[in-house]
Amino acid sequence: MNIAILGCGTVGSGTVKLLMKNEKEYTAKAGEPIVIKKLLERHPEKAAALGVPAETIVSSFDEIMADDSIETVVELIGGKTSAYEYTKQCLRAGRNVVTANKDMLAEYLGELTALAHANHAMLMYEASVGGAIPVIGPVSRSLAASSISRIYGILNGTTNYILTRMAADGIPYGEALRDSQKLGYAEADPTNDVRGYDSARKLAVLASLVFGVSVHMADIEIQGIEDVSAQDMLDASAGGKTIKLLADACMENGRLRASVKPVSLPLEHPLASVNDCFNAVCFIGDACGEIMLYGRGAGSLPTASAVVGDIIEICRRRHDVVPENPLWK
């Protein structure tokens with residue numbers, strides 16, 4: 001299957017690395033080779049440094065749309081404006097789209113899903129919520145038999161690292177934030193993370209899928225961690241608790257209740273032991289009970305692994321491929 005990749009940033013470069021490194025393995029899993037036919041990048045030297053052939057690198061999205069051999073487009077440029085327009089063009093043309101773009105999906109998931117269905121295309125977005133943690137797939141398939149009543153969890157690694165340092169080392173918020181920036185967990189402008197916006201976007205995507213309603217940022221009560229003090233952490237610890245930035249959504253009497261805010265959790269709660277930059281998502285369903293999924297929620301290769309997983313899944317669906325199990329030999 002010929003694909004095009006939009007963007008060669010953190011996740012884009014990780015995706016290219018995985019596809020090039022594990023070409024034979026992915027071919028066996030997908031049932032056909034996955035070929036990077038075009039890569040859109042404003043700075044071609046970034047793609048060239050990864051070993052991408054010069055003739056593959058393009059600077060115009062029109063070059064991708066003009067190539068009828070490209071069946072799947074992997075949108076990894078981020079943001080909403082250009083990504084949204086490119087995604088719509090692809091879906092209208094019947095091309096599959098794989099994306100990790102939570103900003104775009106938090107606002108336009110319903111519209112883009114309808115557009116994909118109308119044009120017999122696939123819209124895949126496993127990487128948009130939990131990085132390497134499989135969340136979208138299990139909800140869509142494995143947990144489809146359960147009526148999910150609540151989803152909650154830790155959806156941002158930066159804030160979780162900051163709170164972990166505050167709890168473990170007794171340091172104030174500002175010092176923990178600066179430490180996270182030095183390690184590359186927090187951006188120079190950490191607003192999206194520390195004010196809860198990143199978690200809220202991920203929650204909007206997940207709640208929309210789970211509850212079958214369009215959930216937007218305006219529907220979510222959002223409170224960040226900027227006002228959590230070292231004394232707050234000490235008080236929580238004295239009471240046998242710890243503070244986590246919790247994303248939480250449920251349906252009550254047919255109405256959505258959703259929030260992202262700091263919450264004190266008993267130390268025996270499974271989420272209380274989710275520390276550093278790790279994430280975890282919990283589901284409560286009538287048939288499945290309570291389930292927790294845990295792992296790395298961000299990063300180049302962890303997120304890229306979810307992106308490539310979606311690409312492989314598209315190949316399998318196209319050819320009804322059942323991957324060979326080595327134990328059957």
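Q: Two strands pair if DSSP finds at least two bridges between them. Strands are DSSP runs of E with at least two residues, helices are runs of H or I with at least four, and both are numbered from the N terminus. Which residue of β11 stands opposite I154?
A: This is a predicted model: local features need pLDDT of at least 70 and side-chain atom pairs pLDDT 80 or more, while totals for chains, interfaces and linings use all residues. Numbering runs from 1 along each chain as its sequence is written, and side-chain values use heavy atoms, without hydrogens and water. Strand β11 (residues 278–285) runs antiparallel to β7, joined by six bridges. There, the residue opposite I154 is A280.

Q: Which residue of β9 stands opposite Y152?
A: β7 also pairs with β9 (residues 241–252). Four bridges link the two strands in the antiparallel sense. Opposite Y152 stands D248.

Q: How many of the seven residues of β7 are buried?
A: Buried means under 20% relative accessible area; exposed means over 50%, and partly exposed lies in between (1.4 Å probe, protein chains only). Strand β7 covers residues 148–154 and is mostly covered. Its buried residues number five.

Q: Which strands form the edges of the open six-stranded sheet?
A: The order is β3-β2-β1-β4-β5-β6, with parallel pairing. An edge strand here pairs on one side only. Those strands are β3 (57–58) and β6 (123–124).

Q: What angle does the direction of helix α1 make with that of β1?
A: Helix α1 (residues 10–21) packs on the sheet, touching β1 (2–6) and β2 (35–40). Touching is contact, meaning heavy atoms within 4.5 Å. Axes are lines fitted to C-alpha atoms, for helices over the stretch in contact, and angles run from 0 to 180 degrees between N-to-C directions. For α1 and β1 the angle is about 150 degrees.

Q: Which residue of β6 stands opposite V98?
A: Strand β5 spans residues 96–99 and runs parallel to β6. Two bridges join them. V98 faces M124.

Q: At which residue does helix α6 bend?
A: Helix α6 covers residues 102–118. A bend is the angle between axes fitted to the seven residues ending at a residue and the seven starting there. In α6 it is about 85 degrees, at Y108.

Q: Which elements do the buried residues of α6 pack against?
A: The buried residues of α6 are M104, L105, A106, Y108, L109, L112, L115 and A116. They pack against β4 (72–75), α5 (81–92), β5, β6, α7 (127–130) and α12 (197–211).

Q: Which residues touch the most other members of the largest nonpolar core?
A: A nonpolar core is a set of buried Ala, Val, Leu, Ile, Met, Phe, Trp, Tyr and Cys residues joined through side-chain atoms within 4.5 Å. The largest one has 66 residues. Apart from it lies another core of 30 residues, including V16 and A100. In the largest core, the residues asked for are I64, I151, L203, L206 and F283.

Q: Is N253 buried or exposed?
A: N253 sits in the loop between β9 and β10 (255–266). Its phi is positive, near 55 degrees, although N253 is not a glycine. Most residues other than glycine have a negative phi. Because its relative accessibility is 83%, N253 counts as exposed.
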